[in-house]
Amino acid sequence: MHTQAPASLPRRRLLAGSASALAAAGLASFHQGAAAQSAAPAAAKPLPGYAGWKNADAVIVHSSTTIETRRGAFGTSVITPSDQLYVRNNLPTPPESIVADRDAWQVQVSGVKEPRRLSVRELKSLGLETVTMVLQCSGNGRGFFPSKPSGTPWTVGAAGCVVWSGVPVRDVARALGGVADGMKYMTGTGGEVLPPGIDPKTVVVERSVPLEAMQDALLAWEMNGEPIPLAHGGPLRLIVPGYTGVNNIKYIGQLAFTDKESEARIMSHGYRISPPGGKGDPSQPSVQQMSVKSWINGPLPEDGELAPGRVQIHGVAFGGMHAVKGVEVSVDGGKTWQAARLVGPDMGRYAWRQFVLQADLPRGSHTLASRATDAQGNVQPEQREENQAGYNNSSWADHAVTVKVG
């Protein structure tokens, strides 16, 4: 399919030095499944300019395109503040000029009976909905893989719970006469301008999800009550609740309903569950829907030695495509479990829930773990699914923490 940005989009240039950044952040990731990123300490890397407004004390800067939320920064509220939310960009971030006139940004909609190009201003007249959902990078938890897969060594911080506001995709399709017959996928294409001389399919950010995902999908212009920051895909982002971050296309320039999956490299070979030592190909499962997962955010080892007595063990749990039914917590590395209490508002099946367990910890070392169950009865697994790129790690054992009580 056509993968260039619509001709009428504002002209913009990639950031200075983007050619080399593209090679590092783009081509390598599509051919290997994940970009090889530096694991240098945060102190070695300042916040990149486009994300300079982030809370430096709450994040870990891995590279110019990868920023992780510190585990201890999640706190005990449901919503992740924008200035703490992780960043993962497959291509260099476009310049600020693309958000100078947000309502003028346009998206080409095809695969409908009346295809046309719509501005954000026009989209705002077609409908409005708000959804709270977990946004999580496919590689969140990669840092726990003993095989040390290439790619950013995320632990838990490539995730957040975010409120999005925009027009439902189903309303856009309805306004354009409905989805054309025979379409099986919703395909989003990022609006970044690609360098000349490179086959667009090798670098363009274009992903296909099953057509039914459009029912809850949004073309969003607000995040956490404010215009979506450039760092997170503003002025317009495709939001697909329940699906991993890469399927939530930033700077969306095209939305197409298609009868086949995109042939872009990031779809056909990237983000595939490949066996250890293997390479991604279209025959392997694609990284799309998220599964049930939880982890503990406090107390943590970095909090230092705890005083004996009562502690509030707290964390987050989500079901991906389903609501969270319950969470259990263990203080002995999974030998025994106790039911935790869900706290705070229930913001819908795509959002995460905070949980807490009051426990009395005596002196010694204690391994704290959490295990979530979703509304369909799916239980968070003990072990990760081994794969070449370190995707979809929901292992409760990997996410456990050991604290010392003195």
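Buried means under 20% relative accessible area, exposed over 50%, and partly exposed in between, with a 1.4 Å probe and protein chains only. I note that this is a predicted model, where local features need pLDDT of at least 70, side-chain atom pairs count only at pLDDT 80 or more, and totals for chains, interfaces and linings use all residues. Residues are numbered from 1 along each chain as its sequence is written, and side-chain values use heavy atoms, without hydrogens and water.

Entry on cysteines. I looked up cysteine 137 and found 8% relative accessibility, so cysteine 137 counts as buried. Cysteine 161 has 0% and is therefore buried. I then looked for disulfides (a pair of cysteine sulfur atoms within 2.5 Å) and found 0 in the structure.

Entry on a sheet. I followed an open sheet of 4 strands, in the order β17-β16-β20-β21, with antiparallel pairing. β17 (338-339) and β21 (401-405) are at the edges with a single partner strand each, so one side of each has no neighbour in the sheet. Strands are DSSP runs (E, at least two residues), numbered from the N terminus, and two of them pair if DSSP finds at least two bridges between them. Strand β16 (residues 324-330) pairs with strand β20 (residues 364-374) over 6 bridges. I picked out valine 329, whose bridge partner in β20 is serine 370.
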